[in-house]
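Please look through the sequence and the model below before reading on, and keep the model in view while you follow the explanation.

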Amino acid sequence: MNRNILIRLVIDLSMTVLMLVAMAYQITGNAMHELAGVILCLLFITHNILNRRWYKTIFKGKHNVRRILSIVVNLLFLVSMAVVMISSVAISRDMILAISRDMILAISRDMIPFIPINNDTVLLQIHVMTSYWGFIFMAVHIGMSWATIINSIRKMTGITGTSRIRTIAFRVMAVLIVVYGVQASFERGMLNKLTIYNPFGWESYDSSMKFLLDHLTIMGIYISGTHYVLKFVQKQDKARLDTTGLKERNIEKNENLQNKEVH
């Protein structure tokens, strides 16, 4: 496998793990939460630097459904993570940053004057809400790249052929994950956390495994949903192109017949 692709996969996997660690606030405690958050932000910045060429191509070429969705999701993910980073500095209790907190807050006030930087309660609400939105956007982002991820794993494991049984098994597994994930979403009040209804979004969990299972399956909803929606869109585009090509061939055939009759 290409080394650059491997590095990006490792960074993306590390970001996913750290996102889950950061969200397990009641399990890990504040210090671990903030440490995971700092590393996550550094990896997120690294991820964007490695993919900086993507930003130069946003307005170039054709914009089909898949590309428009990719642009929207990536930009929303970027905005949500930026807000998470800024709000985390203002409410931080344990991490001592190299840059003065007062300096960061002053810059933040200039950049986003509509956010009440001095109000810790409001900032906590914003921090929780944008964290969960970032979690959702990250899952959708992974879903958009799921085919690439699977192909990379196949190359790493040497699995090149297709298997109907394996395909059915994975689809059944995806359905079970989505069903459990929907139930976990209701149990954990995801809608409330995405709308600032609950200002202290993190709740207690009986065990780390329960937390991990719930949040992985919630991610699974958006990963599998995005993956299969894009596959459907791709099939529709292919069918439309095939229909258009058939019509063009029929028109060309009729024109040739008419030309022969004239001659």
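A crossing of two helices is called left-handed if the near helix is turned anticlockwise from the far one by less than a right angle, and right-handed if it is turned clockwise. With that term in hand, we can begin with the overall picture of this model, which is predicted. The secondary structure of the chain comes to 11 helices and zero strands, and buried residues make up 35% of its 263 residues. Among the contacts in the chain with a separation of 6 or more, 76% are accounted for by residues 24 or more positions apart.

We turn now to one pair of helices. Helix 1, residues 3–23, packs against helix 3, residues 30–50, at an angle of about 150°, and their axes are 9 Å apart. Because angles over 145 degrees count as roughly antiparallel, helix 1 is roughly antiparallel to helix 3. The crossing of these two helices is left-handed. Among the residues that make the contact are Ile7, Ile11, Met15 and Leu18 of helix 1, together with Ala36, Ile39, Leu43 and His47 of helix 3. Sorted by class, the contact has 14 nonpolar, four polar and two charged residues.

Next comes the nonpolar core. The largest one has 39 residues, and those with the most contacts inside it are Met19, Met81, Phe135, Met138 and Met219. Helix 1 and helix 3 are among the elements that give two or more residues to this core, as are helix 5 (65–91) and helix 11 (208–262), while helix 7 gives the most, with 12 residues. Leaving aside residues up to four places away in sequence, Met138 touches Met15, Thr16, Met19, Phe77 and Met219.

How values were computed
Residues are numbered from 1 along each chain as its sequence is written. This is a predicted model: local features need pLDDT of at least 70, side-chain atom pairs count only at pLDDT 80 or more; totals for chains, interfaces and linings use all residues. Side-chain values use heavy atoms; hydrogens and water are left out. Axes are lines fitted to C-alpha atoms, for helices over the stretch in contact, and angles run from 0 to 180 degrees between N-to-C directions. Helices (H or I, at least four residues) and strands (E, at least two) are DSSP runs, numbered from the N terminus. Angles under 35 degrees count as roughly parallel, over 145 as roughly antiparallel, 65 to 115 as roughly perpendicular and the rest as oblique. Contact means heavy atoms within 4.5 Å. Ala, Val, Leu, Ile, Met, Phe, Trp, Tyr, Cys and Pro count as nonpolar, Asp, Glu, Lys and Arg as charged, and the others, Gly among them, as polar. A nonpolar core is a set of buried Ala, Val, Leu, Ile, Met, Phe, Trp, Tyr and Cys residues joined through side-chain atoms within 4.5 Å. Buried means under 20% relative accessible area, exposed over 50%, partly exposed in between (1.4 Å probe, protein chains only).
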